[in-house]
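Me: I am new to this structure. Could you walk me through a few parts of it?

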Amino acid sequence: IDRVSAGGGSGERMLVFKEGANAKLREEKESIELWNERLPGYAPRIYSFEEGPEHGAILFEHIHGRTIEDCLLSAEGAELHDAQQALFAALRDIWQKTLAPGPRAPRFVAQLRKRLGEVYRVHPEYRNDGAQLGPLRVEWFDELVDRAERPDAPTAPFGVLIHAERN
């Protein structure tokens with residue numbers, strides 16, 4: 001992942017360049033396209049997408065601004081209030097435009113499992129054998145994921161679009 005500049009002078013814009021496995025980049029491209037189709041303005045514009053034999057590349061718009069995390073941790077007063085109001089308005093808009101009634105099986109555990117290798121690469125401390133606190137056994141992370149994925153897990157009464165998935 002890298003940021004690149006395109007154009008020059010006042011027409012300069014920042015772009016994000018990513019390269020990686022075709023399947024992963026294709027999934028990201030489809031996710032961005034879904035958001036742009038359903039909720040224009042919430043996802044970046046894709047400028048280029050190329051697939052090679054095994055790896056590909058995607059070039060998309062860098063959306064300038066502060067993250068909500070940054071605002072929550074460092075903004076104060078009116079700036080924090082404005083950031084919160086913008087977040088609440090966006091969440092209401094997303095909710096209203098993507099709400100789909102009817103039972104849904106949550107897919108967040110499958111999404112987590114698909115990314116678990118990368119999670120362990122970034123947070124190797126999550127891969128452990130659990131712990132014992134007096135008489136209480138604390139399950140290891142894989143066991144917790146397995147329990148959350150059980151077939152009798154409850155369904156949700158509706159679905160909304162989050163991170164390109166309806167959960």
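Reply: Happy to; here are some notes on how to read the model, and then a few questions and answers. This is a predicted model, in which local features need pLDDT of at least 70 and side-chain atom pairs count only at pLDDT 80 or more, while totals for chains, interfaces and linings use all residues. Residues are numbered from 1 along each chain as its sequence is written, and side-chain values use heavy atoms, leaving out hydrogens and water.

Me: At which residue does helix H4 bend?

Reply: Helices here are DSSP runs of H or I with at least four residues, numbered from the N terminus. A bend is the angle between axes fitted to the seven residues ending at a residue and the seven starting there. For H4, residues 108–122, that angle is about 55 degrees, at arginine 115.

Me: How do H4 and H5 run, roughly parallel or roughly antiparallel?

Reply: Their axes, lines fitted to C-alpha atoms over the stretch in contact, are compared by an angle from 0 to 180 degrees between N-to-C directions. The axes of H4 and H5 (residues 141–148) come within 10 Å and cross at roughly 165 degrees. Angles over 145 degrees count as roughly antiparallel, under 35 as roughly parallel, 65 to 115 as roughly perpendicular and the rest as oblique. H4 and H5 are therefore roughly antiparallel.

Me: Is lysine 97 buried, partly exposed or exposed?

Reply: Lysine 97 sits in helix H3, residues 77–98. Buried means under 20% relative accessible area and exposed over 50%, with partly exposed in between (1.4 Å probe, protein chains only). Because its relative accessibility is 46%, lysine 97 counts as partly exposed.

Me: Which residues does lysine 97 touch?

Reply: Contact means heavy atoms within 4.5 Å. Not counting residues up to four places away in sequence, lysine 97 touches Arg38 and Leu39.

Note on methods:
Helices (H or I, at least four residues) and strands (E, at least two) are DSSP runs, numbered from the N terminus.
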